[in-house]
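Thanks for coming. I have one structure to go through today, and I'll keep it to the interface and the confidence scores.

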Amino acid sequence: MRVPGARTRTHTPNWPTRCPGISSLTMDPECSQLLPALCAVLADPRQPMADDTCLEKLLDWFKTITEAGSSLLLLQENPCLVELLCHMLKPQDLSSRVLSFSLRLTGVLAAQEDCFQYLQQGELLPKLFGEAGPLGGAAWTSPAVRSGWIQGLRSLAQHASALHFLAHCGAVDTIFSLQEDSSLFVASAAGQLLVHILGLSMQGPAGGPPSLQAGDWPACAQKIVGHIEESLRATATPQITQALNVLTTTFGHCHNPWTQVLWVQLSPLVAGLLEKDPIPAAHSLVDLLLSVARSPGLSSSSCGLWETLAQTLSHLSPTQAGPLALGILKLQDCPQALRAQAFAVLLQPLACVFKAMAQDPGPSGVPDGTVGGSMTAGVPLPSKAACVGLLCRSLAHLELLLPLPQRPCPWPQAPLLGAAVTLLQLCGGSARPACDMGRHLCTLLLGCVRVQRAALDFLGALSDGTGPRELVTQVFAVLLEYLRSPDSSPTVLKKAFQATFRWLLNSPKTPGCWDLDPHALLFLRDLLPVLQKRLCSPCWEVRDSSLEFLTQMTRHWGGQAGFRHALLASEVPKLTEQLLRDPESYVRASAVTAMGQLSSQGLCVPPAGPEHQGGQQKSLLVELLHILSTDSEGFPRRAVMQVFTQWLRDSHADVAGDTEQFVAGVLQVASQDLDWEVRAQGLELALVFLEQTLGQPRSHCPHAVTPPVEAPVGPLAQALQPLCRVRLFDFAFRALFDCDRPVAQKSCDLLLFLRAQTASSSSLQESRSSPDVASVEAALQRWQAGDQAQPLGDLEPEVVLAVVRSLDLEGLRGALAESSDHVEKSPQSLLQDMLATVGVLGENEADCY
Amino acid sequence: MPEIRVTPLGAGQDVGRSCILVSIAGKNVMLDCGMHMGFNDDRRFPDFSYITRNGRLTDFLDCVIISHFHLDHCGALPYFSEMVGYDGPIYMTHPTQAICPILLEDYRKIAVDKKGEANFFTSQMIKDCMKKVVAVHLHQTVQVDDELEIKAYYAGHVLGAAMFQIKVGSESVVYTGDYNMTPDRHLGAAWIDKCRPNLLITESTYATTIRDSKRCRERDFLKKVHEAVEHGGKVLIPVFALGRAQELCILLETFWERMNLKAPIYFSTGLTEKANHYYKLFITWTNQKIRKTFVQRNMFEFKHIKAFDRAFADNPGPMVVFATPGMLHAGQSLQIFRKWAGNEKNMVIMPGYCVQGTVGHKILSGQRKLEMEGRQVLEVKMQVEYMSFSAHADAKGIMQLVGQAEPESVLLVHGEAKKMEFLKQKIEQEFRVNCYMPANGETVTLPTSPSIPVGISLGLLKREMAQGLLPDAKKPRLLHGTLIMKDSNFRLVSSEQALKELGLAEHQLRFTCRVHLHDPRKEQETAMRVYSHLKSVLKDHCVQHLPDGSVTVESILIQAAAHSEDPGTKVLLVSWTYQDEELGSYLTSLLKKGLPQAPS
């Protein structure tokens with residue numbers, strides 16, 4: 001008897017023989033047979049479609065087919081499709097979803113010019129997309145139909161014939177009007193379509209370069225540009241916004257020389273917007289200017305772009321100018337003066353904070369009134385909402401700028417640090433403002449979580465640079481203040497922990513030494529009691545963030561004497577151990593990870609003496625095994641498996657004592673777990689053990705070819721003995737047919753690795769016919785059929801190798817690489833489902849839950 | 001003009017991924033952040049690019065509110081917060097906060113298990129997302145910032161489901177999420193006070209349906225399970241980890257107890273303990289009966305329902321198994337289904353909706369020969385039953401809620417266009433309010449009349465009271481005072497107090513008017529005639545004739561003078577202060593009519 005997947009067979013009957021995805025590339029006969037019935041259902045207004053995803057998926061399928069082959073052929077071979085489209089022209093109570101689908105399908109088909117001509121012959125296109133079609137009917141009130149109309153045209157507009165059609169059927173005017181559609185989706189798509197048509201018409205009929213004289217441009221392009229000009233002159237902001245958005249997309253997507261001509265023609269109108277008060281569509285204006293500035297097709301200096309940018313910066317409100325300033329600073333080449341102006345805009349709110357907080361204008365580097373303009377010249381930060389919004393935006397923009405190579409140089413690290421610290425002090429209530437404006441700011445910002453979050457993120461990002469010792473001390477002090485404060489919200493605390501870790505990581509180090517510097521160690525001594533307190537927080541988010549912070553710290557400094565001493569002198573390890581029994585599963589999982597890390601670094605040891613070491617470690621192993629066997633939730637069990645795998649990799653003292661017993665115990669529990677991720681991690685641990693046993697570390701790529709072990713059979717069999725003893729193969733073979741396919745895949749990788757490692761041991765051939773092998777293969781067959789009750793019993797290495805060689809693991813791996821529901825998701829299945837739902841829809845079909 | 005704007009990104013004329021943007025008095029709130037399980041690419045999430053184009057998400061949105069833990073309401077949340085980049089507050093009730101990550105994790109596992117799922121969030125992302133959540137209690141007013149406040153109301157539907165009132169100043173919107181107006185076996189009915197919001201955004205899943213009694217469906221369910229088990233069959237109930245499963249567990253547990261049945265019931269995911277834990281923890285969210293009996297016996301401590309082991313599926317004899325996932329699209333439930341499908345004694349009961357592309361969808365649409373991997377065909381001989389236990393308000397329930405909340409306008413979401421159309425007409429007819437049903441991407445704009453709160457000084461109020469006119473909410477009346485706008489506050493005080501507070505000197509403003517009278521007599525005589533006339537007409541007022549010849553009525557001064565050109569005409573100069581504006585106008589009109597003839 002052979003296993004179903006035996007190599008001697010050409011095909012594995014239980015796995016797909018079709019190449020992945022092949023069925024979706026061409027229309028197979030089964031689908032062709034089903035299609036007429038489906039088209040008839042779609043054309044029947046009495047048959048509603050229950051699942052709105054079906055038509056989307058159907059269209060996806062048609063797109064795939066037409067991308068791979070001829071649309072014309074598709075239509076000729078499946079006349080029902082044209083019939084369906086013709087049916088849409090009849091006046092009837094059609095579903096808007098089906099009508100929308102038909103319009104989109106028409107566009108997809110007509111994207112190929114020969115198919116376009118074919119559809120034109122029957123005048124189907126003007127009837128569907130012209131005035132005679134849905135455009136003039138009641139169906140047009142449905143946004144789905146309008147959206148389908150636009151998307152259909154978007155797909156169709158791929159060639160000169162399409163352009164000619166669009167120009168002559170009046171579609172462009174309709175698109176103009178759809179820019180103002182009540183549906184955001186339709187309006188946006190209309191704008192995108194205009195950009196596409198403009199680009200297409202500028203390609204010219206012969207594909208040659210268009211004229212650089214705007215007056216000589218094709219009529220369609222001139223019409224669109226004329227519409228944009230008209231919109232830019234309009235008084236209504238929505239119209240201006242649409243025009244600006246169309247231009248933004250144009251300059252973002254098209255970098256041909258004609259775009260420069262377009263900008264030269266339109267820039268006076270754009271600049272004219274700056275003279276209006278208030279500036280209309282400021283957000284879109286900023287997007288457009290940045291899009292133009294980034295466009296490689298435009299020579300910025302010759303178009304007066306820099307002047308426009310500078311003018312815009314000074315005209316916009318601080319809130320509106322922020323994104324523009326950031327965009328300017330991200331540009332690769334831009335005049336220094338403009339960069340300075342942009343940077344000043346970003347710094348302005350912080351300068352204002354300095355001004356409010358100090359008698360003097362603030363540390364050098366942050367602009368004062370001379371650069372900062374009106375804000376620092378006496379206009380206070382207005383309402384609380386505006387002030388908070390402005391500060392948060394400014395901090396976020398600066399944070400984004402910080403890691404960029406093109407950030408301003410010199411970078412005002414110290415003033416920015418000071419500003420971040422000051423802001424945090426203002427929010428935390430520890431600031432002592434000297435003037436009225438400072439006191440006002442203090443009132444506005446006190447307890448403001450939004451600013452706290454933004455400032456902590458920014459402060460963390462600033463840790464990559466240095467700062468004067470005094471300021472760094474202030475940084476640590478304010479971080480400690482936040483970590484200590486009972487008023488800090490869990491999100492703020494998490495950010496405070498993250499910022500603290502980043503500052504500790506980047507604190508100055510003694511050359512050649514990775515330990516924390518004395519100042520950081522002093523800070524650590526203050527920090528640990530705070531951490532202790534936070535580990536006991538009633539809020540699970542806080543306990544969890546604290547544990548994550550502890551794990552990070554231990555990973556980095558667990559081997560350093562100063563850190564070890566401080567940690568061991570604290571209650572932190574003990575509290576962490578207690579959190580293994582936390583009621584919240586996330587916390588238990590984080591505690592497992594933290595304890596695993598502490599234990600790896602020997603930090604679970606009580607300071608009393610080394611004699612307790614063994615017992616303490618032992619109990620942790622037992623505790624973790626207990627969690628693995630009994631915890632009702634997956635997170636802690638998965639965390640345990642990760643810790644165990646790491647311990648095995650690192651030859652952790654407790655594991656190294658009796659590795660076999662450890663692995664056997666863990667695999668026994670993991671293989672029974674209901675959570676497939678735990679089972680998959682069990683196989684990962686098995687793989688590590690396998691590598692260690694065979695003495696061949698696996699390549700990082702599980703499928704890479706590794707040189708086989710050149711070893712005689714005897715030692716190899718001997719080497720495999722421990723693997724058999726821990727019942728690794730029992731687990732792996734069973735997992736091969738696991739109902740959760742990542743587990744099966746992992747097992748497949750493990751067995752493939754084993755086979756590659758033992759490929760040269762040819763003397764095991766004779767084992768293939770032994771009764772043991774036959775019984776294992778029979779068991780595997782039953783397992784594959786779903787009957788997993790029967791155990792394999794004790795396996796001998798020879799039998800294992802023989803079975804591994806007889807399995808078609810490559811075939812299995814190929815089959816497992818597909819989605820488990822690929823059959824249900826196939827086009828044929830989709831058509832069957834759509835047909836099957838006809839007539840069986842109940843009254844309450846729409847209840848998702 | 002102040003306005004409320006509502007744009008559904010999902011749930012606008014569909015039942016998919018709920019995600020509704022509300023802009024109210026300058027605050028932007030996202031209501032729900034759901035996922036569509038019918039797609040396995042980015043289309044499963046709402047198209048957030050329509051928000052990100054407004055700048056940074058965290059700056060644009062003031063908060064996100066999640067109504068309940070179902071994935072079509074919260075499934076996109078980790079994607080939104082950890083992948084799209086929203087870093088602001090997320091509000092939900094305590095039970096939703098506890099259960100939401102379980103369902104998200106459950107779905108993530110299925111997505112990874114199935115493979116081919118692109119751009120999906122990780123376990124760590126779910127946790128990081130949940131750490132941004134601020135949990136709220138029912139009826140607790142939570143201050144998101146100085147201006148925006150939210151309040152949760154009980155919605156039934158599932159454990160922890162809530163309706164939310166969003167309020168900025170005097171403008172408010174209520175979002176129902178999914179709700180149920182009739183109590184079921186473990187939850188109570190939705191309730192909201194007469195909060196009279198400007199807009200009520202309500203789900204409308206069963207917009208045209210009057211649902212039969214849930215008891216009937218329960219009886220039907222129990223009967224079917226019982227019959228199958230009696231005939232030695234195995235019953236598979238595919239469920240999602242938490243929610244409906246617990247309701248069905250209670251149902252079966254009670255029935256098994258009552259009928260003294262012995263066939264084992266299993267729950268496959270090891271989630272019984274967890275579910276038990278949460279239902280115990282949130283016992284106050286369950287219905288009255290469960291709360292009452294909790295002391296004697298906790299309904300969620302199941303005697304008959306045991307944890308499932310994979311090997312049990314092969315055991316002979318009848319059994320009932322609850323297995324995940326709920327749509328038979330991967331994992332344990334699908335594996336058991338394959339094993340049991342061939343036996344006509346067995347039964348699968350689908351207690352909820354299945355999207356296309358799943359085995360659940362296939363069998364519900366009546367397909368009995370299913371193609372499996374390797375072109376194998378699985379013949380489904382087992383009985384297939386669909387029993388919707390979804391707990392949504394039906395048409396009657398929706399109307400009842402509208403009646404309860406008394407909104408100025410209604411907006412329908414989470415339903416099908418045709419059904420919504422029907423309900424919209426019904427609401428408009430019955431309640432005489434506007435009802436909207438925007439499609440996804442469509443914005444509904446509602447103008448609002450802002451009511452600005454004004455504080456009134458005690459002094460002014462006392463003075464008014466002293467005049468003997470008691471305040472009556474139903475009869476608005478005129479009150480004079482000075483409005484002081486200071487530090488974004490409005491106060492109405494007496495003029496004297498205003499002058500004092502603001503350190504201003506008082507100036508008197510008098511209105512004047514000239515009235516021409518034909519009277520050849522001397523000025524003094526004319527004044528005397530005026531006095532006599534007014535004295536007789538204005539009996540309640542103090543009319544005086546002063547020594548200088550002028551006449552006063554309260555603060556109104558009347559002086560007679562000769563006309564410069566016509567000696568037969570006298571000019572009456574009338575002047576009064578703003579306090580006597582009414583009387584002054586009256587007097588002028590009276591004098592313009594002329595004086596009564598003097599007795600000869």
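**The interface between chains B and A**

Across the interface of chain B and chain A, the rule finds 17 salt bridges. Bear in mind throughout that this is a predicted model. One of these salt bridges joins the side chains of Arg108(B) and Glu677(A), at 2.6 Å from N to O.

Which element of chain B gives the largest share of the side that touches chain A? That is helix α5 of chain B, residues 94-114, which supplies 8 residues. By residue type, the side of chain B that touches chain A has 36 polar, 33 charged and 23 nonpolar residues.

Now the extent of the interface. On chain B, 92 residues are in contact with chain A, and on chain A the partners number 87 residues. Putting the two chains together buries about 7700 Å². Carbon and sulfur atoms give 46% of that area. As for polar contacts, there are 28 residue pairs between chain B and chain A, counting pairs with both residues at pLDDT 80 or more.

Next, confidence, for chain A. Its average pLDDT is 85, and 84% of the residues score at least 70. Where does the pLDDT of chain A fall below 50? One such stretch is residues 360-364 of chain A. Beyond near neighbours in sequence, that stretch makes 6 contacts in the model. Another is residues 700-712 of chain A, also below 50. There the model has 19 contacts beyond near neighbours in sequence.

That's what I have; I'll take questions.

Terms used:
Residues numbered from 1 in each chain as written. Chains lettered and ligands numbered in written order. Heavy atoms only, no water. Contact = heavy atoms within 4.5 Å. Buried area = accessible area lost by both parts, 1.4 Å probe. Salt bridge = Lys/Arg side-chain N within 4 Å of Asp/Glu carboxyl O. Polar contact = N/O pair within 3.5 Å; in protein donor to acceptor, adjacent residues only side chain to side chain. Helix = DSSP H or I, 4+ residues; strand = E, 2+ residues; numbered from the N terminus. Nonpolar A, V, L, I, M, F, W, Y, C, P; charged D, E, K, R; others polar. pLDDT = per-residue confidence, 0-100.
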